[in-house]
Amino acid sequence: MSSVPQPSGRKPFLSDIQTLRRRAREHIAQGAVTPGYLADRDTVVKLLNEALATEIICTLRYKRHYFMAKGIHAEGVAAEFLEHAQEEQQHADQIAERITQLGGEPDFSPDGLATRSHAEYVAGDSLRSMIEEDLVAERIAIDSYREMINYLGTEDSTTRRMLEEILAKEEEHADDLASLLEDLAR
Ligand SMILES: [Fe+2]
Ligand SMILES: [Fe+2]
């Protein structure tokens, strides 16, 4: 990696290799969190725990909808619900992993889970209401991920990149659900 040439006497923009190595040794116990970590770690962990709760609630809701839709002979919709459930579960795992990398503790406690979650758990009593509730939840998730990404800015690019990938998936989910609703209307 080469740094941009600087006017004489100015400090180069990139830390020199000795400084990077010294800083890496200073706080070895902090794992992935180095002194160059610019974000407010406690806030990031708190936000990620809310996102974790959201993903768990969404997994549970999609699971419920999967089993109930199966019962009313809507195989195509059920398959979509199952796929979404599995993807929300993966998001939960990715988020929990990142929380531990940041030195935090992922909160899997069932106590207060629904309160920590941004999206709601709504059972739904018909195929249409299930799809509608899932779409509402996805739109809430999309907005809250977008806010978190804006909050992080350039201060924690790893968390930001992860959230951007999850956001793209939630947008895909919302699109799938909108198409299912259109199909139902036909
Ligand atoms: Fe998700
Ligand atoms: Fe989703």
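1. A salt bridge here is a side-chain nitrogen of Lys or Arg within 4 Å of a carboxyl oxygen of Asp or Glu. Lysine 169 meets that rule with glutamate 172, their closest N and O atoms being 3.2 Å apart. Both residues lie in helix α6, three residues apart, about one turn of the helix.

2. This is a predicted model, in which local features need pLDDT of at least 70 and side-chain atom pairs count only at pLDDT 80 or more, while totals for chains, interfaces and linings use all residues. Residues are numbered from 1 along each chain as its sequence is written, chains are lettered from A and ligands numbered from 1 in the order in which they are written, and side-chain values use heavy atoms, with hydrogens and water left out.

3. The chain has six helices and zero strands, and its pattern along the sequence reads α-α-α-α-α-α. Helices (H or I, at least four residues) and strands (E, at least two) are DSSP runs, numbered from the N terminus.

4. Of the 186 residues in the chain, 38% are buried. Buried means under 20% relative accessible area, exposed over 50%, and partly exposed in between (1.4 Å probe, protein chains only). The accessible surface of the chain is about 11200 Å², with 52% belonging to carbon and sulfur atoms. Areas were computed by the Shrake-Rupley method with a 1.4 Å probe; for residues, only the protein chains shown count as cover.

5. Contact means heavy atoms within 4.5 Å. Among contacts between residues at least 6 apart in sequence, 76% join residues at least 24 apart.

6. The largest nonpolar core holds 43 residues, of which Leu48, Phe81, Ile95, Tyr145 and Leu163 touch the most other members. Helices α2 (41–71), α3 (75–101), α5 (127–152) and α6 (157–185) each supply at least two residues of this core, and the largest share, 11 residues, comes from α2. A nonpolar core is a set of buried Ala, Val, Leu, Ile, Met, Phe, Trp, Tyr and Cys residues joined through side-chain atoms within 4.5 Å. Leaving aside residues up to four places away in sequence, leucine 163 touches Leu48, Tyr145, Met148, Ile149 and Leu152.

7. How many salt bridges does the rule give? The count comes to 10 salt bridges. One of them pairs glutamate 87 with lysine 169, the closest N and O atoms being 3.5 Å apart. This pair links distant parts of the chain, with glutamate 87 in helix α3 and lysine 169 in helix α6, 82 residues apart. Glutamate 87 counts as buried because its relative accessibility is 13%, whereas lysine 169, at 24%, counts as partly exposed.

8. Glutamate 172 has a relative accessibility of 42% and so counts as partly exposed. Salt bridges that share partners join Glu87, Lys169 and Glu172 into one network.

9. Another salt bridge joins the side chains of glutamate 164 and arginine 160 (2.9 Å, N to O). The two residues are separated by about one helical turn because they are four residues apart in helix α6. Glutamate 164 is partly exposed at 33% relative accessibility, and arginine 160 is partly exposed at 26%.

10. Two buried glutamates deserve a check. Glutamate 55, in helix α2, is buried yet has no salt bridge; the nearest side chain of opposite charge, arginine 61, is 8.2 Å away. Glutamate 170, in helix α6, is also buried without a salt bridge, and for this residue arginine 61 is again the nearest side chain of opposite charge, 7.9 Å away. For charge, Lys and Arg count as positive and Asp and Glu as negative; His and the chain ends are not counted.

11. What does the side chain of glutamate 55 join in a polar contact? Its partner is the side chain of histidine 91, at 3.5 Å. A polar contact is a pair of N or O atoms within 3.5 Å; within protein, one must be able to donate a hydrogen and the other to accept it, and residues adjacent in sequence count only if both atoms are side-chain atoms.

12. With residues up to four places away in sequence not counted, glutamate 55 touches Glu88, His91, Ala92, Ile95, Tyr145, Ile166 and Glu170.

13. Aspartate 40 is in the loop between α1 (17–26) and α2, and counts as partly exposed at 39% relative accessibility. The side chain of aspartate 40 makes a polar contact of 2.7 Å with the side chain of threonine 43. Aspartate 40 and leucine 152 are 112 residues apart in sequence and 9.2 Å apart in space, C-alpha to C-alpha.
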